[in-house]
Amino acid sequence: MLHELLLALLGFTGDFVIDEREQAETLGLGAADNPLHQFPDEPTFRLAPDLSFLHPSERNVIQRLISLGFYYRELDHFATISRNLSFIQSTKDFSLPHSPELLKGKPRKGSVYRRAIANGIVEILSVYRAAVLQVEQNLLSDPLPILATVTQGLNKFEVLLPPLYELIVEIEREDIRGGQLLNLLHKRCHCGVPELQACIQRLLWHGHQVMYNQLTYWMVYGILQDQHGEFFIQRQDRKTEGHELSHLDDITNLMQKSTDDGALTDWHLGFHISLEMLPEYINMRVAESILFAGKAVKVLRNPTSSFRLQESSVRQSVLKGSCRVQGFLGTFGLEREIPQSTNLIAEDLLPQSEADKIDAMLKELKQSSEFQKRLFESTISSIRTIAANHLWQLVVVRADLNGHLKALKDYFLLAKGDFFQCFLEESRQLMRLPPRQSTAEADLMVPFQLAALKTVSDEDKYFPRVSLRMPSFGINMTATQVDFPKLKSNADGNLVPLQGRTLAESSLDGWDGVALEYSVDWPLQLFFTQEVISKYRKVFQYLIRLKRTQMELEKSWAAVMHQDHIDFANNRRDCKNNSIPQHRRRRSLPMWRVREHMTFLIRNLQFYIQVDVIESQWNVLQAHLQDSRDFTELVGFHQEYLAALISQSFLDIGSVSRILDSIMKLCLQFCWIIEQYESNPNISELEHITEEFNKKSNSLYTILRSSRLAGSQRAPFLRQFLMRLNFNSFFEQTARGVLNVVKARPAIPFVQQE
């Protein structure tokens, strides 16, 4: 009987111990078709009912013991199924033909985490089998074997095997895999039974071994080793488990994938954090560090082909120069190093010593018997710092990040003022006409190239990356043509705005869509994303409109003064009384007073943006560039720089930006009218423009000095702008008058011609 009991303890039933579930299946009672019956809540091992020689107390003891045999068999069966290696041959789901615990017709998903847990269960079951063997030896050596010997030898497993069985039942029923499985084990570790806690911690250790292996692939080699979608770092384009790449396929694709677009896609959109598979004891900040470190290593280990060729050509030129110098000494050993330069580029970006250092850090974590959260987070932070530093070295030093930032400042932020002054002067007459849909961009290229020939040095290696575009022109062509002030030619061939057009009908002209593009190569594309370039483009379009408005105000003054000097000289030469020119001057004084107010506002706004905003924020960014050695910090500093440019230029406040656009439009219309004032006076339109300008400028001042903006991050810079505008309290008094007086502002007292 004792030998039958020992066999039952190892999961073998017979005449002494029977399995009620097997009997039900044999009798065809449909138990096998019941999914819940696959994992019974209670053990199904029972003593045979015809054993009449056993005392009831002995039956109770034996029944409790044979329950361990049931738990052993179920755990062993789970381990056998989970350790099946058929998924190595194929990444598709598989099923075993003789697996009663699996639902009929349902394929089984592969899981490396379940296999790791199964290895831990096998370790525990081996200890159990050794205990059963020791009990057998004790029974054989005892001249009077008793049941208490069995109970004493296996008593500790009564608190181990039942909870482990509950664990695998939950895993199977809920289909728990990957990070979810680590979560489950981590929660079950918190129990009051030391033996059970040690077993669960051992299972968790096995699960962490898989996670550390995946971390090693990801953070040392930049490879995502995850055939079954169980790692918390996953590909963005993952669709179905059946289409996932195996490890070998992943390596092959990485070797064949050399296009810049693929590398950029992997960096920006290729990978993401799966919250479903992220263990709860690993916070999001640490997971983001892991994601960044792996992507950085992937970039450093897989430079694009164009970058490899560029670096190889630079190395070869340097080495050949060294060979020429040493040739005079009779040594030519460096020539043999030239063909190997291409293979050394990737190793230079991430030296093998650094990769070994990262690997050693992860191995130290892997060898720890328990998961130490603080040590884990510290190690991940150190690895992230290493990756960020080498990525910084690649982008900032090798790719000359600061030079490109300076180029963007010169051309997108109009720091190269002589170039844009020349460009606007060359394109001034062209911009007086409505842009043609088919040739607008080509028409602008002529003055653009002329300005480059006159002001851009041949040594400027960044200007070839700048190109002129009209991105929104083709889409909004109909609207912009309608909104553009229509012009006609007068007798002198100059362009004159058509009369009879109301102010409300006109809006920003079609040339306001002009924009710049900047060509960026790898690896700078990791830093200068399309979103970043679009922000630069937005600021440029605002600044070029402001620059154009300021230039038109100056040109209108210069043109009228030139005509006035000619008239004065003609009158003096003819010895005529110059009362007419004096009368004309007095008649034009109110008009020039309005122009002076426009110029005052535009100049101060331009000075505020270029000096108080752009230059000050540029100095802050340069200080960060000098102090930081972390790529992600630089990205954050640059984002803050762009955000400050946009916010402090009021581009993010719709009401202010609309008022500024309206003011610039009014200034342009004013310039076009007063240039033709002598030959075609339009006093009513000038009065209307003057009234609208006063309203818009006062509204602008009122909004800028509001309490909502005074408490924002713009406040210290905004106060400088307001101080320049209101240095003599003129704006404050006029704004108060507009708010208190309901009637319309009186028109400018133009003196009618006699």
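Me: Why is Cys422 called buried?

Reply: Buried means under 20% relative accessible area, exposed means over 50%, and partly exposed lies in between, with a 1.4 Å probe and protein chains only. Cys422 has a relative accessible area of 11%, so Cys422 is buried. The model is a predicted one, in which local features need pLDDT of at least 70 and side-chain atom pairs count only at pLDDT 80 or more, while totals for chains, interfaces and linings use all residues. Residues are numbered from 1 along each chain as its sequence is written, and side-chain values use heavy atoms, with hydrogens and water left out.

Me: What makes Cys191 buried, partly exposed or exposed?

Reply: The relative accessibility of Cys191 is 27%, and therefore Cys191 counts as partly exposed.

Me: How is the protein chain described as a whole, in helices and strands?

Reply: The secondary structure comes to 29 helices and 8 strands. Helices (H or I, at least four residues) and strands (E, at least two) are DSSP runs, numbered from the N terminus. Of the 754 residues, 49% count as buried. Contact means heavy atoms within 4.5 Å; among contacts between residues at least 6 apart in sequence, 78% join residues at least 24 apart.

Me: Why are H9 and H16 called roughly parallel?

Reply: Axes are lines fitted to C-alpha atoms, for helices over the stretch in contact, and angles run from 0 to 180 degrees between N-to-C directions. Angles under 35 degrees count as roughly parallel, over 145 as roughly antiparallel, 65 to 115 as roughly perpendicular and the rest as oblique. The axes of H9 (residues 194-221) and H16 (residues 373-398) come within 13 Å and cross at roughly 15°. That angle makes H9 roughly parallel to H16. The residues in contact are Met211, Tyr212, Leu215 and Met219 of H9 with Phe376, Ile380 and Ile383 of H16. Ala, Val, Leu, Ile, Met, Phe, Trp, Tyr, Cys and Pro count as nonpolar, Asp, Glu, Lys and Arg as charged, and the others, Gly among them, as polar. By that scheme the contact of H9 with H16 has 7 nonpolar, no polar and no charged residues.

Me: What makes H9 parallel or antiparallel to H15?

Reply: H9 and H15 (residues 352-367) pack at about 170°, with axes 10 Å apart. H9 is therefore roughly antiparallel to H15. Among the residues of this contact are Trp205 and Gln209 of H9 and Asp359 and Lys366 of H15. The classes in the contact of H9 with H15 are 9 nonpolar, 3 polar and 2 charged.

Me: What is the handedness of the crossing of H25 and H26?

Reply: A crossing is left-handed if the near helix is turned anticlockwise from the far one by less than a right angle, and right-handed if clockwise. The crossing of H25 and H26 is left-handed. The axes of H25 and H26 (residues 683-704) come within 9 Å and cross at roughly 155°, so the two helices are roughly antiparallel to each other. The contact of H25 with H26 has 15 nonpolar, 5 polar and 3 charged residues.

Me: What makes Tyr462 buried or exposed?

Reply: Tyr462 has a relative accessible area of 15% and is therefore buried. Tyr462 is found in the loop between H20 (440-455) and E5 (466-469). Leaving aside neighbours within four places in sequence, Tyr462 is in contact with Asp400, Gly403, His404, Ala407 and Tyr518.
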